[in-house]
Amino acid sequence: MRKTPAILSVLALSTLALAGCTVGGADAASCDRAAGADASLADLIQVTGEVDAVPSVDMYTPLEVPSDAYVDVEEGDGEVITSLDQAGVLDMTLFDGETGEQLIGTAYSGDTSGAAALSQWLQQFPGLESALQCASEGSRIVAALGADGVTEEARTGYGFSEDGTIVAVVDVRKVYPEAASGTLQYNDGFGLPSVVRDVDGRPGIVVPDTAAPDDLVVQTLIEGDGEELTIDDTPMVQYTGVLWDEKTVFDSSWENGSPVALTLDGGVIEGFSQGLVGQKVGSQVMIVIPSDLGYGDEGQGTIPGGATLVFVVDILGVEDAPAQ
């Protein structure tokens, strides 16, 4: 799909099930945000300032917590984080719980491009897991991270105390949904691959024992209600790619760990771009790409020459242009 070498991966189909009439990822309504919050933090840590700017914090010091805790300062009304594998953008400022001193923070530039899996933040700050789960876009959260809430590598790298409490003020700038959501579409798919979905929306592709079509085939499997993509857009997507003849997965953002932003004008193979232009955000699309609109007779990486490719693409949103 992209013009870089594909990554070989394996997608198990044994646990996948057919979807119903309307589909989506994990249900945001099942999130119980209040269940994990600690209201007492609001009495110990006061945060002021606009949600889109560096916060000011006044806290009782020294502040020590026996375990990680959080409280919502502002609750947004945007997309809900139902899985930390969702892509998003955070701004965050860290404070020393011993002194109340501001330590480090992000740029607060207003730039929501460059979204990545929210789980990446847990590599340094595992204590943020409960603070982020079920939070919504537009929220401001205060999290008190105890000894185990910040990794030893992060404490050393940033010059934090060895085991002291770190206070994080987290602003949830952007959250993309986990998978396509919308209405299932009827397709006369005789002789074409069929698609099954796991409970989180992850697709599996079953290729029939028939000859591949000679021309580009595009089917909208789930129709969203968002804006239509143009050639100038950079959509955030989840995708799985399968080789028609081999019936094997050669690349999958689901397996690689994060949705990706793709430039339709020149950043992907021609058939992929043609298949997505005009599709609505929130949709899931199957694209069957003949080799002349894919990697041609030469192939690339694990993709052999002359290969017909099958992609199932969930269109999660459109990435904003980078801030100047």
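Visitor: Which word applies to Arg 33 and Asp 72, buried or exposed?

Guide: Arg 33 is buried, and so is Asp 72. Buried means under 20% relative accessible area, exposed means over 50%, and partly exposed lies in between (1.4 Å probe, protein chains only). This is a predicted model, in which local features need pLDDT of at least 70 and side-chain atom pairs count only at pLDDT 80 or more, while totals for chains, interfaces and linings use all residues. Residues are numbered from 1 along each chain as its sequence is written, and side-chain values use heavy atoms, with hydrogens and water left out.

Visitor: What makes the contact between Arg 33 and Asp 72 a salt bridge?

Guide: A salt bridge requires a side-chain nitrogen of Lys or Arg within 4 Å of a carboxyl oxygen of Asp or Glu. The N to O distance here is 2.7 Å, so the pair meets the criterion. Because Arg 33 lies in the loop between E1 and H1 and Asp 72 in strand E4 (residues 69-74), the bridge ties together parts that are 39 residues apart in sequence. Such elements are DSSP runs numbered from the N terminus: helices (H or I) of at least four residues and strands (E) of at least two. The whole structure holds 8 salt bridges.

Visitor: How do you know that Asp 171 and Arg 173 are buried or exposed?

Guide: Asp 171 has a relative accessible area of 0%, so it is buried. Arg 173, at 18% relative accessibility, also counts as buried. Salt bridges with shared partners join Asp 91, Arg 140, Asp 171 and Arg 173 into one network. Within it, the closest N and O atoms of Arg 140 and Asp 171 are 2.6 Å apart; Arg 140 is in strand E8 and Asp 171 in strand E9 (residues 166-175), 31 residues apart.

Visitor: Why is the link between Cys 31 and Cys 134 called a disulfide?

Guide: A disulfide is a pair of cysteine sulfur atoms within 2.5 Å, and these sulfurs are 2.2 Å apart; the link therefore qualifies. Cys 31 sits in the loop between strand E1 (22-23) and helix H1 (41-44), Cys 134 in the loop between helix H2 (129-132) and strand E8 (140-145), 103 residues apart. With -80° about the S-S bond, the link is left-handed. Cys 134 has a relative accessible area of 15%, so it is buried.

Visitor: What makes Glu 153 exposed?

Guide: Its relative accessibility is 61%, which means that Glu 153 counts as exposed. Glu 153 is placed in helix H3 (residues 152-158).
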